[in-house]
Amino acid sequence: MDTDRVKAICAAHAGLEGPLLPILHAVQAAFGCVPKDAIPVIAHELNLSRAEVYGVVSFYHDFREAPAGRCILKICRAEACQAVGGAELAATVLRHFAIDWKETSADGRVTIEPVYCLGLCSVAPAALVDGEPHGRIDPVHLIAMAERKL
Amino acid sequence: MMRVFVSSDAAALAMGADGVVRVLRATAETRKITLEIVRTGSRGMHWLEPLVEVETASGRVGYGPVKASEVPALIDAGMLEGEAHPLCIGVVDQHPWMKRQTRITFVRCGIVDPLSADDYAKLGGFEGLKRAREVGAAATIEAITKSGLRGRGGAGFPAGIKWKTAADAKADRRYVVCNADEGDSGTFADRMIMEGDPLSLIEGMAIAAFAIGASKGYVYARSEYPQANATFAKALDVARAAKLIGTTFDIELRIGAGAYVCGEETALLESLEGKRGQVRAKPPLPAHEGLFGKPTIVNNVLTLCTAPWIMAHGADMYASIGFGRSRGTMPIQLAGNVKHAGLFEAPFGMTLGQIVDEIGGGTMTGRPVRAVQCGGPLGAYFPRALFDTPYDYEAFAARDGLIGHGGIVVFDDTVDMAAQARFAMEFCAIESCGKCTPCRIGSTRGVEVIDRIVAGEKREMNLALLEDLCRTLKLGSLCALGGFTPYPVMSAVRHFPEDFKARSSSAL
Ligand SMILES: Cc1cc2nc3c(=O)[nH]c(=O)nc-3n(C[C@H](O)[C@H](O)[C@H](O)COP(=O)(O)O)c2cc1C
Ligand code: SF4
Ligand code: FES
């Protein structure tokens with residue numbers, strides 16, 4: 001891990017009130033995750049304890065310890081999507097890639113993360129494919145989209 | 001030059017709006033048609049997205065839902081001239097679904113160019129802030145109080161009283177915080193405004209800041225809304241260029257990190273301060289000691305977006321609409337298995353049945369409506385027998401229900417209510433901030449107990465245990481995540497007992 005890069009990210013956010021979350025987002029954008037080694041660096045730069053920083057990182061669902069696969073599927077698990085077959089859809093897609101929630105396929109290609117509502121409840125079931133919204137999805141298309149990205 | 005409007009609302013994008021725009025551009029170019037394509041927010045008729053609107057002498061004529069591949073044929077058929085076609089819905093403003101609404105909070109959404117200050121001004125923007133400055137801070141707070149506007153984030157607390165409390169607190173610094181964490185499933189109104197009329201939120205925050213004497217504002221938005229956040233960030237630049245902010249008051253956009261509980265206002269403040277999103281005990285109220293210990297008003301997006309209209313049109317006008325103590329309008333969000341899904345803004349007081357059956361048109365699958373969940377994951381499931389309930393905070397509360405943030409999720413008769421109750425408990429376990437034992441641990445016990453009930457294991461005893469567990473959650477929780485999870489669970493048990501009978505193992 002590039003310590004100087006983490007330090008630079010901290011410095012770039014020095015002017016903010018309560019800068020920890022923006023820093024963690026920026027670190028994850030730069031490294032694809034919040035590397036374990038980044039935690040003491042951030043703690044030092046912000047004058048916090050490692051435990052405090054680790055406590056924050058582990059609290060939020062978004063922060064990963066290891067980089068995700070090349071394509072990230074965020075599939076909605078919440079009620080409006082459930083009402084139109086969202087649970088079955090997710091099960092089919094997970095089975096296809098032979099993984100469980102929050103896992104990356106063995107070939108490192110796809111990571112599937114659960115989300116609880118994407119605000120696309122009127123066009124459910126919904127998913128984000130690398131941040132792109134898709135509504136009224138069916139498993140065949142969702143799998144095809146993920147594989148097209150690979 | 002011809003003007004065409006296509007939404008870039010995330011729901012429209014999710015249904016292929018960008019592809020439609022690409023083909024529109026390409027086709028216009030090959031046919032040498034000069035075309036201006038304006039990307040707006042959505043009108044809220046999401047079952048018609050992507051909706052293409054063309055400017056005609058009689059108004060904007062709509063076509064939808066349009067597939068990218070159909071665009072050349074639609075142009076051949078005279079779409080750009082507003083000609084008839086099976087996909088044509090006529091003048092959009094005259095569409096029965098639009099005409100039946102009272103648009104206040106969403107008055108410009110889907111019409112205005114979201115990133116044009118000129119367009120915003122032409123459609124009545126900036127008037128509210130101007131008026132606030134004319135009448136002064138105290139009279140602004142009085143107007144918001146008199147309008148009867150209640151917080152649209154869920155709790156329905158009177159906005160004016162909150163503002164007054166913060167304004168009266170002695171401090172050298174005050175904050176306006178916009179709660180844009182919209183975590184409730186079945187809701188998307190905040191997202192739609194941030195994408196479709198973001199300047200109204202900025203103006204609303206500027207009015208609030210002027211009223212309470214704040215110099216800094218934060219919008220706490222969710223990472224699950226990348227499009228809304230990108231649009232809103234651009235809107236902040238537009239607002240600075242137009243001097244709406246950036247002089248005495250400025251706004252910063254902050255993005256959460258996927259924790260539902262951070263929608264709770266004190267957890268949100270902790271998160272803004274860079275901490276774990278754990279709920280604070282009250283008192284102190286955020287209006288006394290909020291962000292970094294300073295007086296802070298935390299308001300939902302819709303609450304703030306409604307302030308400009310109230311200031312521009314008068315508190316009495318707003319207060320004259322509504323039902324009981326629920327004044328004004330509610331942007332109702334119809335979601336899930338419903339034919340006419342989308343956003344419908346109406347005065348409080350319609351019955352739930354009217355909303356689901358008449359406005360929503362029943363289910364998308366065409367099967368009977370069996371249950372609707374109102375007010376997000378902590379809201380009760382209503383059976384058809386309660387469809388006479390008027391849409392009003394107090395009337396819903398009297399039936400152990402919630403209006404919440406205005407979401408209504410429709411389920412047909414294939415729904416398994418025991419599975420829905422189980423999910424409510426599971427969601428509570430996943431999203432608990434960990435502070436209270438019943439919420440942190442009791443929710444996982446709840447999942448196990450429901451599993452045992454449907455497995456037929458000591459059914460009566462386990463049903464009693466579930467009820468007991470719900471009572472403990474209600475009494476032993478610091479916030480509504482643990483405290484309200486019993487509503488979806490117990491409403492499912494009470495109204496749909498047949499789903500909690502023992503099943504053969506093959507049915508599980
Ligand atoms: C678990 C939980 C989640 C909440 N999520 C939201 C939310 O996403 N958006 C929101 O505006 N209010 C949410 N609230 C309500 C807020 O605590 C608070 O009442 C609201 O932001 C106040 O603004 P208002 O008065 O304008 O509604 C939530 C409350 C709880 C207990
Ligand atoms: S009820 Fe749950 S989410 Fe709310 S404060 Fe207690 S533990 Fe946290
Ligand atoms: S419930 Fe799935 S997008 Fe809202």
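How many residues surround ligand 2, and which are the closest? The views below come from a predicted model, and the first of them takes up this question.

**View 1. The surroundings of ligand 2 in the predicted model.** Ligand 2 is surrounded by 13 residues, and the closest of these are Cys433(B), Lys435(B), Cys436(B), Cys439(B) and Cys479(B). Ligand 2 itself sits in the largest cavity.

**View 2. The surroundings of ligand 1 and its contacts with chain B.** Around ligand 1 there are 18 residues, of which Gly153(B), Asn179(B), Asn299(B), Asn300(B) and Thr303(B) are the closest. The side chain of Asn179(B) places an N or O atom 2.9 Å from an oxygen atom of ligand 1. Two further residues approach through their backbones: a backbone N or O atom of Glu182(B) lies 3.2 Å from an oxygen atom of ligand 1, and a polar backbone atom of Glu265(B) is 2.9 Å from an oxygen atom of the ligand.

**View 3. An open sheet of five strands in chain B.** The strands of this sheet follow the order E13-E12-E16-E14-E15, and their pairing is mixed. Strand E13 (342-347) and strand E15 (381-383) of chain B form the edges, each pairing on one side only, and from one strand to the next the twist averages 30°.

**View 4. The pairing of strands E14 and E16 of chain B.** Strand E14 (residues 369-374) and strand E16 (residues 407-412) pair in the antiparallel sense over five bridges. Within this view, Cys374(B) stands opposite Ile408(B) in E16(B).

Conventions: Residues numbered from 1 in each chain as written. Chains lettered and ligands numbered in written order. Predicted model: local features only at pLDDT ≥ 70, side-chain atom pairs only at ≥ 80, totals over all residues. Heavy atoms only, no water. Pairing = 2+ DSSP bridges. Helix = DSSP H or I, 4+ residues; strand = E, 2+ residues; numbered from the N terminus. Axes fitted to C-alpha atoms, helices over the stretch in contact; angles between N-to-C directions. Near = heavy atom within 4 Å. 1 Å grid on protein atoms, 1.4 Å probe; cavity = no way out; pocket = protein on both sides within 12 Å on 5 of 7 lines; lining within 4 Å. Sits in = over half its atoms within 2 Å of the grid points. Polar contact = N/O pair within 3.5 Å; in protein donor to acceptor, adjacent residues only side chain to side chain.
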